[in-house]
Amino acid sequence: MSAKRLHRVCAALPDAELTHPFGPDIDVYKVAGKVFAVLGGNVGGHRITLKCAPERAEILVGEHEGIAEGYHMNKRHWITVDPASVAAGLVEDLVDDSYFLVRPTPRR
């Protein structure tokens with residue numbers, strides 16, 4: 001999956017905002033002020049760092065060579081994905097999951 005497609009997937013989510021709090025070379029997508037995706041700034045090419053439930057993160061890291069513990073993030077709650085070596089559908093699902101983990105839930 002290309003960096004351009006990653007950006008389209010992140011930007012298409014409701015109320016997603018592209019920010020650059022770490023400088024112009026690191027793209028950070030937020031919803032309601034909370035980070036759900038970080039693109040760039042990773043050693044070894046374009047990668048995306050995403051929020052992930054700890055139990056799922058452990059499984060994904062064990063099963064996929066292209067998924068590692070979060071780069072410069074809490075290793076229990078974040079993963080870093082190499083979109084060139086992980087199926088595009090899985091990458092898109094992981095972006096969605098990350099978004100929904102940080103998005104505020106509506107009050108009743």
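Author: Begin with strand β2, residues 27–31. Of its 5 residues, 5 are buried, so the strand is largely enclosed by the rest of the structure. Buried means under 20% relative accessible area, exposed over 50%, and partly exposed in between, with a 1.4 Å probe and protein chains only. Helices (H or I, at least four residues) and strands (E, at least two) are DSSP runs, numbered from the N terminus.

Reader: What should I know about the model itself?

Author: It is a predicted model: local features need pLDDT of at least 70, side-chain atom pairs count only at pLDDT 80 or more, and totals for chains, interfaces and linings use all residues. Residues are numbered from 1 along each chain as its sequence is written, and side-chain values use heavy atoms, with hydrogens and water left out.

Reader: Which residues point which way from β2?

Author: D27, Y29 and V31 point one way, and V28 and K30 point the other. All of them are buried.

Reader: How do I read the pairing of strands?

Author: Two strands pair if DSSP finds at least two bridges between them. Take β2 again. Strand β1 (residues 17–19) is joined to β2 by 3 bridges, and the two run antiparallel. There, T19 has V28 as its bridge partner. β2 also pairs with β3 in the antiparallel sense, over 5 bridges. V31 is partnered by K34 of β3.

Reader: How many residues lie between the strands in the hairpin of β2 and β3?

Author: There are 2. In that hairpin, A32 takes a positive phi near 55°.

Reader: Where does the pairing go from β3?

Author: On to β4. Strand β3 (residues 34–39) is joined to strand β4 (residues 48–51) by 3 bridges, running antiparallel. V38 has T49 as its bridge partner in β4. Next, 4 bridges join β4 to strand β6 (residues 78–81), again antiparallel. Opposite K51 stands W78 of β6.

Reader: K30 is in strand β2. What is the nearest side chain of opposite charge to K30?

Author: For charge, Lys and Arg count as positive and Asp and Glu as negative; His and the chain ends are not counted. A salt bridge is a side-chain nitrogen of Lys or Arg within 4 Å of a carboxyl oxygen of Asp or Glu. For K30 the nearest opposite charge is E17, 6.6 Å away. K30 is buried yet has no salt bridge. Now check its contacts, meaning heavy atoms within 4.5 Å. Leaving out residues up to four places away in sequence, K30 touches D15, A16, E17, T19, V35 and F36.

Reader: How many salt bridges does a search of the whole structure find?

Author: It finds 3. In one, the side chains of E92 and R5 meet at 2.5 Å, N to O. E92 lies in helix α3 and R5 in helix α1 (residues 3–11), so the pair ties together parts that are 87 residues apart in sequence. E92 is partly exposed at 25% relative accessibility. R5 is partly exposed too, at 31%.

Reader: And the other pairs?

Author: R47 forms a salt bridge with D82, with the closest N and O atoms 3.1 Å apart. R47 is in the loop between β3 and β4, and D82 in the loop between β6 and α3, so the pair ties together parts 35 residues apart in sequence. D82 is buried, with a relative accessible area of 19%. R47 is partly exposed at 21%. D97 forms a salt bridge with R56, the closest N and O atoms being 2.1 Å apart. That pair links D97 in helix α3 to R56 in helix α2 (residues 54–63), 41 residues apart.

Reader: How should I read helix α3?

Author: Start with the general rule. An α-helix has 3.6 residues a turn, so residues three or four places apart point the same way. Now the case. Helix α3 (residues 88–102) has 15 residues. Its buried residues are L90, V91, L94, V95, S98, Y99 and V102. The expected span is 1.5 Å times one less than the number of residues.
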